[in-house]
Amino acid sequence: MASFEKGTPVSRQRTFTSRIDDEESIINGGTPQNPVQDQSSLNSLPEKRSRRIADTEGLYRFWRRFTRHGKKTIGVKESLHAIVFSSWLNVFLVFIPLAWVGHFYTRHAWPHELTFTLCFLAIVPLERLFDYGGEQMAFYCGKDLGDLIVVSLNNVVEATLAIILLKKCELKLLQSTIIGVIVLHLLLIPGTAFITGGARILEQELHPHLVQLNHSLLTIGVMSLLLPAAFFAALDRGAAADLTPGAAASIINDTTRHSLLQISRGLAVILLLVYVCSRIFLHNPPGDDNALRQHPLAPAALKHEEEHLIATDPEVNQWVCIVMILISIGIMAATAEWLVESIEFVREEGHIGEEWFGLILLPIVSFAADGFVAIMFFIRYMIRHIFNQPAPPVLLAKARAIDLSIQFTLFWMPFIVLLGWWTDKPMLLLFDFFEVAVLLGSCFIVNYVTADAKTNWAEGYAMVSFYLMIALCAWFYTGQTEIEILLACHESIEEALIKAASGVVEAHHG
């Protein structure tokens, strides 16, 4: 028999109890209101009843928490006041209309540098509102779902950037940017967090259950890019072994691209299903009544955070918070597009290679607003430490950036491939061999560092160092011409080959 908390609506409890009584009457030989005809269903009733009760209790428990049943209701006026005064960074909201004006008047009087600066400053408070909105939704959805909301919101800028590049048919630059975003979130951001977080403590803890799952998810995401690369390399090796004149270039054709497109779209669907299944497993693990509950292997610090969320009242009403998040996403999408358009002058006037521009610069710019927020918080903690008011050391390591990489690899990357399919853009999962090698190395280091679910500042420094190695090599790397030809948007492979050959000739005579 299921237990009910105080304050349960009588009508709901009576309906729920009567359904259980019907099933118990069947088991005991009685006659229910709706007799069951099949004897096999009679035998499975106890198991079905247990599973149905657990599922119903899980959803009912979530709804009670989301609506804060029996607890204080946060008013709209109170919520708006809390949002406005949630951070001093909200002062930067004044740059949003200025950034929009700068975008539309760039051709007349506003220089690109000014528009870029205004767009960057406008994104800073929006990033902070995303974090604040996710933190508030954690009171209504729990720590795990709250983190998922924050991760999804923090990927909005990068996802918008990817969609913009897809729309402009900058597919080679898009591929470099995807790898750059993933590597940035795998190495630089968590590495920096491990350095600062582990500066005053021997080691910090990670959630072991999440670490085990993340290792598998990250590995399969990276391996999904290795498969098309290996497929293409095998074709290239076979063509090179053929002594027929012109055979080596014969694999760069529309037939090969068509095959790679089919492979990429199939892999994209599979990756999306992997991500969906991982979310189900994470938030509703096997066992009775485990949905949206704290995992028993969770560190004590994480359990303490969950207890704090249950015992403390939020500052913002859940519906007001949802509306605020949606409005912020809309403003963010437009501002991010103009940020990307304004920064293109850097590549054109600074003569920066496309590979370094996509692999290093664009990802850093897309994360710069969030990084600026982190720097401001770091400076505040340093000032408090100088004036003998240090914050207590954090025992729980923040590896949210790794979750950002996993979501971008398993959800946004395949989503971009399928969106390209829908918009007739030949977006492939065949990436540059150098980019695939970079991603494989990053995945290996992250999995190795987090294998014991503990981190320290030395491991964080190693992760940052490897990112700097990648940036150094990318500065001198020019990219694979074959991949760029296969990603040609508005022309056949033959036309792209002719165009590439003429470009080489012009460069040689120049």
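A salt bridge is taken here as a side-chain nitrogen of Lys or Arg within 4 Å of a carboxyl oxygen of Asp or Glu. By this rule, the predicted model contains five salt bridges.

One of them pairs Lys 167 with Glu 337, with the closest N and O atoms 2.9 Å apart. Lys 167 lies in helix 8 (residues 156–167) and Glu 337 in helix 13 (residues 318–350), so the bridge ties together parts that are 170 residues apart in sequence.

Lys 172 counts as buried, at 6% relative accessibility. Glu 435 is also buried, at 0%.

Asp 254 and Arg 257 meet in a salt bridge as well, at 3.4 Å from N to O. Both belong to helix 11, and being three residues apart they are separated by about one helical turn. Asp 254 is partly exposed, with 39% relative accessibility. Arg 257 is buried, with 10%. Elsewhere, salt bridges that share partners join Lys 172, Glu 355 and Glu 435 into one network.

The largest nonpolar core has 122 residues. Leu 174, Met 427 and Phe 431 have the most contacts inside this core. Helix 6 (residues 112–141) gives the largest share, 16 residues. Met 427 touches residues that include Leu 166, Leu 171, Leu 174, Ile 178, Leu 261 and Ile 416. Gln 175 and Ser 264 are also among the residues that Met 427 touches.

Helix 11 (residues 254–283) also holds Leu 272. Leu 272 is buried, at 19% relative accessibility, because the cut-off is under 20%. Its contacts beyond four places in sequence are Leu 410, Phe 411, Pro 414 and Leu 418. The C-alpha atoms of Leu 272 and Phe 415 are separated by 7.7 Å, although these residues are 143 residues apart along the chain.

Helix 5 (residues 95–104) includes Val 101. The buried residues of helix 5 are Ile 96, Ala 99 and Gly 102. They cover an arc of only 125° around the axis and therefore lie on the same side of helix 5. Val 101 is partly exposed, at 36% relative accessible area. Together with Trp 100, Phe 104 and Tyr 105, Val 101 makes a nonpolar surface patch of about 400 Å².

Methods. Residues numbered from 1 in each chain as written. Predicted model: local features only at pLDDT ≥ 70, side-chain atom pairs only at ≥ 80, totals over all residues. Heavy atoms only, no water. Patch = residues over 30% accessible without salt bridge, like charges linked within 9 Å, V, L, I, M, F, W, Y side chains within 5 Å. Areas by Shrake-Rupley, 256 points an atom, 1.4 Å probe, with all protein chains shown as cover. Helix = DSSP H or I, 4+ residues; strand = E, 2+ residues; numbered from the N terminus. Buried < 20%, exposed > 50% of the residue type's maximum accessible area, 1.4 Å probe, protein only. Arc of directions from axis to C-beta. Core = buried A, V, L, I, M, F, W, Y, C linked by side-chain atoms within 4.5 Å. Contact = heavy atoms within 4.5 Å.
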